[in-house]
Amino acid sequence: MAIYVVRTGDNVDRIAAAYGIDVQELIWANQISYPYRLAVGQALYIPYVPKNEEGVRQPLYSFGYAYPYIADNTLAATLPYLTDLYVFSYGFTTEGALLSPAADDTRVVQKTLAGGVRPIMVLTPLDEGGHFNNHLVTAIVRDRKVQARLAGEVLVLLQQKGYQGLDIDFEYVEGADRQAYAEFVGRMRQTLNLYGYPVTVALAPKTSAGQAGLLYEGMDYRLLGEAADRVMLMTYEWGYTYGPPMAVAPINMVRRVVEYAVSEIPREKISLGIPNYGYDWPLPYERGNTRAESISNLEAVQRAIDHGAEIFFDETGQSPYFHYWQYGIRHEVWFEDVKSIRAKFALIREFGLTGAGYWQLMNLFRANWLLMEELFSVRRWMNS
């Protein structure tokens, strides 16, 4: 593949001519908007490289999370590169009754099926107000009767809506509930597998079995790897809304998570989580006060262009970043580009992982999918 990093004086015509490709193809692949300005340091995917017909592209289970209100054009442009679409999210009560998403999911499920992609129902401990509530986790994993009711309601909904599987996305599981949580996942899998529905589970990014912290203590990688059909490593949010400025998914930290995961879970069950977003921090950072703004990867580049900022690339984290000034305030931005995505794909290949999962797909990042297509053969389940 070819990735070109923009230099001072470059423009789309010169870059396209240098690679012998049509300028409109370059613009399309990188979603460069009129008047086609570029940022110094911007990484561009060059779509001219011929496929190696003699080589074998690694099969890949490709998926991502989306809210039911994802735009039709974004959904249509993304589906050709997916195995499954995870629709976020159903909640539940302490009695095991399902709670529907705030937006109706019928449209996205039907369009996903029509696109030859499996829609997957996501189950998250969201309460009746739509807020995350980890007390719901304890309530559900400690009561077999409540679990039975929830499993029954999930099964009915899968059949009624046309969903093709279930993803369990629980966070902040109490350490005391680690075994009960894994057993709950196992029971859901046992029930739903009887009807042909796979069950996957999202895992907080641990680097060791005894890692302290509410986010990690209830996540037993070995038990959950045995309980679920597949797992996804949520290898992002090192840089997050209330934290200090840094890469969202620095490859050195992602590597540590993968190294631990493959020691506990069969590699063929593991998907690597990849962020499809960045953050913009106002400076100076003050713990407890500073709040970063979540932005799309394209919006990050546009801010660099608008403010004449040069984009740099952190070699340790394999992530792009830049600074700019606005209204007397200095900002620091970290995001994903084709170079950082390439590093994550390389990690998938190095460790023999079999999947890539994105949080989240609400903003199209076309260069990511074109890069994936160069390296992998996406597994597809076509619907009649």
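**Salt bridges and their surroundings**

Author: D72 is partly exposed, at a relative accessible area of 42%. Here buried means under 20% relative accessible area, exposed means over 50%, and partly exposed is in between (1.4 Å probe, protein chains only). The model is predicted: local features need pLDDT of at least 70, side-chain atom pairs count only at pLDDT 80 or more, and totals for chains, interfaces and linings use all residues. Residues are numbered from 1 along each chain as its sequence is written, and side-chain values use heavy atoms, with hydrogens and water left out.

D72 has a partner. R107 forms a salt bridge with it, and the closest N and O atoms are 2.3 Å apart. R107 lies in helix α4 (residues 106-114) and D72 in helix α3, so the pair ties together parts 35 residues apart in sequence. A salt bridge is a side-chain nitrogen of Lys or Arg within 4 Å of a carboxyl oxygen of Asp or Glu. Helices (H or I, at least four residues) and strands (E, at least two) are DSSP runs, numbered from the N terminus. R107 is partly exposed, at 28% relative accessibility.

Side chains of opposite charge can pair when their charged atoms come close. The structure holds 16 salt bridges. One of them joins E153 and R149, at 3.2 Å from N to O. These two are four residues apart in helix α6 (residues 144-161), so about one helical turn separates them. R149 is partly exposed at 40%. E153 is partly exposed too, with a relative accessible area of 26%.

Next comes R178. It pairs with D220, the closest N and O atoms being 1.9 Å apart. R178 sits in helix α7, and D220 in the loop between β8 (199-203) and α8 (221-227), so this bridge ties together parts 42 residues apart in sequence. R178 is partly exposed at 34%. D220 is buried at 11%. Elsewhere, bridges that share partners link D280, E293, E299 and R303 into one network.

Back to helix α3, which covers residues 72-78 and also holds T78. T78 is buried, at 3% relative accessibility. It touches L361, L364 and W369, leaving out residues up to four places away in sequence. Contact means heavy atoms within 4.5 Å. T78 and M362 are 284 residues apart in sequence, yet their C-alpha atoms are 9.7 Å apart in space.

Y172 lies in the loop between β7 (166-168) and α7 (178-193). Its phi is near 55°, a positive value in a residue other than glycine. Y172 is partly exposed at 35%.

Another loop, between α2 and β2 (43-46), holds P35. A cis peptide bond joins Y34 and P35, with omega about 10°. Y36 is in this loop between α2 and β2 as well. Y36 is not a glycine, but has a positive phi of about 65°. At 31% relative accessibility, Y36 is partly exposed.

One more cis bond runs from L283 to P284, with omega near 0°. P284 is in the loop between β11 (278-282) and β12 (293-295).
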